[in-house]
Each structure stands twice: as C-alpha cells, then as structure tokens.
Amino acid sequence: MQTRVKWTVEDYHRMIEAGLLCDRNVELLQGEIHHMPPEGPPHTFYGGSLADRLRSKLGNRTLVREARPITLSDSEPEPDIAVVRGTWDDYRYRHPNAKEVLLAIEISDSSLAKDLNEKRIIYATASIPEYWVLALNQPELIVLRDPQDGNYQSEARLQQGSISPLAFADITFSIRDLLN
C-alpha cells in the first residue's frame with residue numbers, strides 16, 4: 001500500500017528557504033507539491049490584461065496581485081490574480097491569508113479541470129468569497145460565489161452581459177471585453 005506524504009505550509013516554507021524548490025515552478029495544494037506548467041502567450045495576455053483592468057477600475061482601494069502566493073491552512077496556491085485587502089507594505093514579510101482575499105481568479109486553458117475541481121475546493125474551503133475562472137477554450141467566465149462546506153453554492157457561466165465583483169459592486173466589467 002502506497003501512502004502519500006502531506007506537507008504543511010510551514011514545511012513548504014522551510015523547503016523554499018533551504019533552496020530545495022528554487023529551480024522549480026510549484027505550488028502547495030492540499031498538502032501536496034504540484035508542478036505548474038509554463039504559461040503560453042494567451043494565458044499571459046488574458047491574465048495581464050485583466051489585472052490591468054482591475055487596477056484601473058479599483059485604483060488604490062485594494063491590491064491586485066498577479067501569480068503570487070496566498071497562504072491557506074494546507075495550501076499555498078498562486079492564483080493568476082488575487083484581489084486582496086491592503087497594500088504591498090502589508091505583505092512585506094508574509095503572503096495574504098484567506099480572510100484578506102476578496103477575489104481569486106484563474107486563467108484556464110489546459111488547467112480547466114484542476115481549476116474547477118481541486119482549486120475550487122481549496123478556495124471554497126478557505127471561504128474565499130468569490131472565485132472566477134476565465135475559461136479560454138470555451139470561452140466563458142465561470143463565476144463561483146457563496147462558499148459553504150468546501151464548495152461554492154453559486155455558479156454562473158457567462159459569455160455575455162456584465163459582472164461586478166462582490167466586494168466592489170460599483171464597478172462592472174463587460175464579459176465580452178474580458179473574453180475578447
């Protein structure tokens with residue numbers, strides 16, 4: 001019988017500090033270290049342009065982080081975009097925790113199954129109030145809200161119309177603009 005070793009966030013941080021993971025593009029998901037494949041140009045384009053749009057509309061009301069870790073109880077994922085409370089100064093010596101994340105966003109082409117299953121559960125279990133998956137191959141924006149009991153209770157798949165983040169109801173994004 002084969003048993004997997006589960007790593008804690010503290011173990012993971014010690015491995016990073018010791019240089020064991022310095023040449024690897026990885027993230028900790030539910031106690032397991034996962035390789036992150038390199039981004040293709042469409043992934044980089046959509047992630048960067050969406051982050052720029054968020055920064056433009058939100059100004060200095062919040063911090064928009066791109067492909068940076070967030071620290072959860074048994075995971076340290078690196079969402080493509082995380083909209084978090086505070087400023088860069090707040091995260092000089094630590095990563096944002098679940099209570100500080102207002103919106104997590106994944107840009108998904110080859111990772112759709114992982115984003116809609118494993119990462120969905122991780123973010124919902126951490127009670128991150130809103131999770132968006134920009135599914136490039138569909139194309140559609142999948143909006144997940146209302147985390148309860150390790151899953152999001154609300155799921156909308158949008159190809160048109162507009163969307164406002166829960167934490168910022170005063171700003172809207174055209175779905176069509178996000179997908180084009």
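Which helix gives the most to the lining of the largest cavity? H2 does, with four residues. This is a predicted model, in which local features need pLDDT of at least 70, side-chain atom pairs count only at pLDDT 80 or more, and totals for chains, interfaces and linings use all residues. Residues are numbered from 1 along each chain as its sequence is written, and side-chain values use heavy atoms, without hydrogens and water.

**View 1. The largest cavity holds about 40 Å³.** A cavity is a set of points on a 1 Å grid over the protein atoms alone where a 1.4 Å probe fits but cannot get out; lining residues have an atom within 4 Å of a point. Helices H2 (41-58) and H5 (175-179) each supply at least two lining residues. Helices are DSSP runs of H or I, at least four residues; strands are E, at least two. Among the lining residues are Tyr 46, Arg 53 and Asp 177.

**View 2. The second largest cavity has about 30 Å³ of space.** H2 and S5 each give its lining at least two residues. Leu 54, Val 83 and Phe 168 are among the residues that line this cavity. The lining has eight nonpolar, no polar and one charged residues.

**View 3. The largest pocket has a volume of about 380 Å³.** A pocket is an open set of points with protein on both sides within 12 Å along at least five of seven lines. Its lining has 20 residues, and Met 36, Pro 37, His 43, Asp 80 and Ser 111 lie nearest its centre. Strand S5 (101-108) and helix H3 (112-116) give two or more residues each.

Terms used. Grid points are joined across faces, edges and corners, and a volume is the space filled by probe spheres set on the points. Ala, Val, Leu, Ile, Met, Phe, Trp, Tyr, Cys and Pro count as nonpolar, Asp, Glu, Lys and Arg as charged, and the others, Gly among them, as polar.
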